[in-house]
Amino acid sequence: MLTTSDMASAAGGASGKDWFDCLPDDLVHHVLSFLPAMDAVRTSVLSRRWRDFWASMPRLNVDVGDFRDDGQFENFTVHALPLLDSSVPLRSLRLRSSLHYLSALWVNHAVKRKVAVLEYSGRAELCSSVDASLSLASSYLTKVVLKHFDFDYGQFWPLIDACPALENLELLDVWTFYSVTISSSSLKYLRIVSCLFYNGFRISAPNLLTMCLDDVNVNGPLGHDSLVLENLSSLMTASVSVYHCFYPKHYVKTELHFFHGLSHARNLKLIAPLYEALFEEGLPTCPVFNNLKCLVLGDWCMAFDLYPLRCILRQSPMLEELCVELGDEECENCKNRKPAFSYGEISPFWCDRLKTVKIKCTEHDERFVALLQLFCKILVCIEEVDIDRQWVSAQPPDSSEL
């Protein structure tokens with residue numbers, strides 16, 4: 001097996017010329033950016049000129065899995081971190097570590113170096129806690145990805161609120177038993193996947209363009225709203241997917257104006273099992289979707305003689321494309337269950353602009369007949385109806401693959 005010293009000797013060749021010294025600084029830094037932090041340090045033996053290159057890398061990739069054990073990672077952190085050049089701005093830090101006290105050292109170092117992109121991941125098997133000394137206070141951070149974490153009381157909001165330039169935020173497999181608020185005037189892209197917010201969740205972002213809430217479980221205490229979407233006037237594309245039926249009892253109150261937060265979207269996807277309270281209880285106050293062009297709905301829209309579907313279609317005068325994805329067979333309990341609200345008859349309406357309809361369902365799902373009957377009544381200028389009866393419904397994402 002070639003050692004780094006062997007590589008250094010071979011680089012000179014018969015001429016004795018050190019080819020590593022011929023590479024421009026920018027190219028060397030670019031190459032080092034693809035290496036794990038420990039491997040980048042090892043390149044210091046390749047050339048005298050390369051001895052300190054690793055200390056000024058514009059990107060850092062630190063993964064505890066690259067080390068023999070936690071002790072080796074701690075030893076590396078203690079000895080390597082002080083040697084990094086703090087005067088060189090950092091473009092990105094990609095950190096995976098469940099040792100939160102060591103992780104905080106790396107994150108705080110990156111923040112001091114004006115890092116723009118931070119991707120910080122804990123353990124997939126068990127959500128990691130966040131060290132109290134960790135701080136994201138920076139006017140340079142534009143993207144933050146947090147994965148596999150459990151936040152204690154008062155930890156989450158100060159982290160995000162301290163990033164006035166933040167444009168992209170991703171929360172993957174994050175959970176907390178405390179109320180969470182995301183309030184940002186700079187945020188443009190928000191992606192939340194497989195997260196649990198046990199005490200309520202609020203989003204307020206006037207410049208948000210794209211929002212994805214996928215397999216998000218939100219509960220709230222008696223007398224409080226579970227999920228609040230407000231001040232999303234710039235929203236263009238929104239996707240809300242719930243894979244496990246969330247139908248709260250008396251101890252939970254859902255936000256009755258849920259759809260108002262989505263009313264500015266041009267592209268909207270709402271996927272949920274049959275009788276999802278998060279969507280269903282927002283129907284009585286459903287606003288008009290004046291900008292909506294493309295709509296995707298799941299099984300929940302088929303409840304109560306297609307009332308949810310008819311309600312949203314009536315409130316979407318500019319709709320051009322509709323897709324209905326049916327993945328769950330309707331059981332007897334679902335057929336006999338009473339709605340959580342009193343809904344009346346929907347006055348006749350027509351979808352003047354709806355041109356494309358796609359129905360995705362399993363081979364033996366006969367609910368598509370009811371859909372066709374409805375479309376025959378309301379469609380005026382339909383150009384295409386596509387029925388895919390081989391479709392298999394989506395499953396919730398595997399948190400270990402996030």
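Colleague: Why is Tyr-178 called partly exposed?
Modeller: Its relative accessibility is 35%. Buried means under 20% relative accessible area, exposed over 50%, and partly exposed in between (1.4 Å probe, protein chains only), so 35% falls in the middle class. Tyr-178 is in the loop between β6 (168–176) and β7 (180–183); helices (H or I, at least four residues) and strands (E, at least two) are DSSP runs numbered from the N terminus.

Colleague: What are these values computed on?
Modeller: This is a predicted model, in which local features need pLDDT of at least 70 and side-chain atom pairs count only at pLDDT 80 or more, while totals for chains, interfaces and linings use all residues. Residues are numbered from 1 along each chain as its sequence is written, and side-chain values use heavy atoms, with hydrogens and water left out.

Colleague: Which residues make the nonpolar surface patch?
Modeller: Tyr-153, Phe-177, Tyr-178 and Tyr-198 make a patch of about 480 Å². Patch members need over 30% relative accessible area and no salt bridge; like charges are joined within 9 Å, nonpolar side chains (Val, Leu, Ile, Met, Phe, Trp, Tyr) within 5 Å. At 35%, Tyr-178 passes the area condition. Areas come from the Shrake-Rupley method with a 1.4 Å probe, and for residues only the protein chains shown count as cover.

Colleague: What makes Arg-49 and Asp-25 a salt bridge?
Modeller: The N to O distance is 2.4 Å. A salt bridge is a side-chain nitrogen of Lys or Arg within 4 Å of a carboxyl oxygen of Asp or Glu, so the pair qualifies. Arg-49 is in the loop between α3 (37–42) and β1 (59–63), and Asp-25 is in helix α2 (residues 25–32), 24 residues apart.

Colleague: How do you know that Arg-367 and Asp-365 are buried?
Modeller: Arg-367 has 11% relative accessibility and Asp-365 has 2%, so each is under the limit for buried. Their closest N and O atoms are 2.7 Å apart, which is a salt bridge. Shared partners join Asp-299, Asp-365 and Arg-367 into one network.
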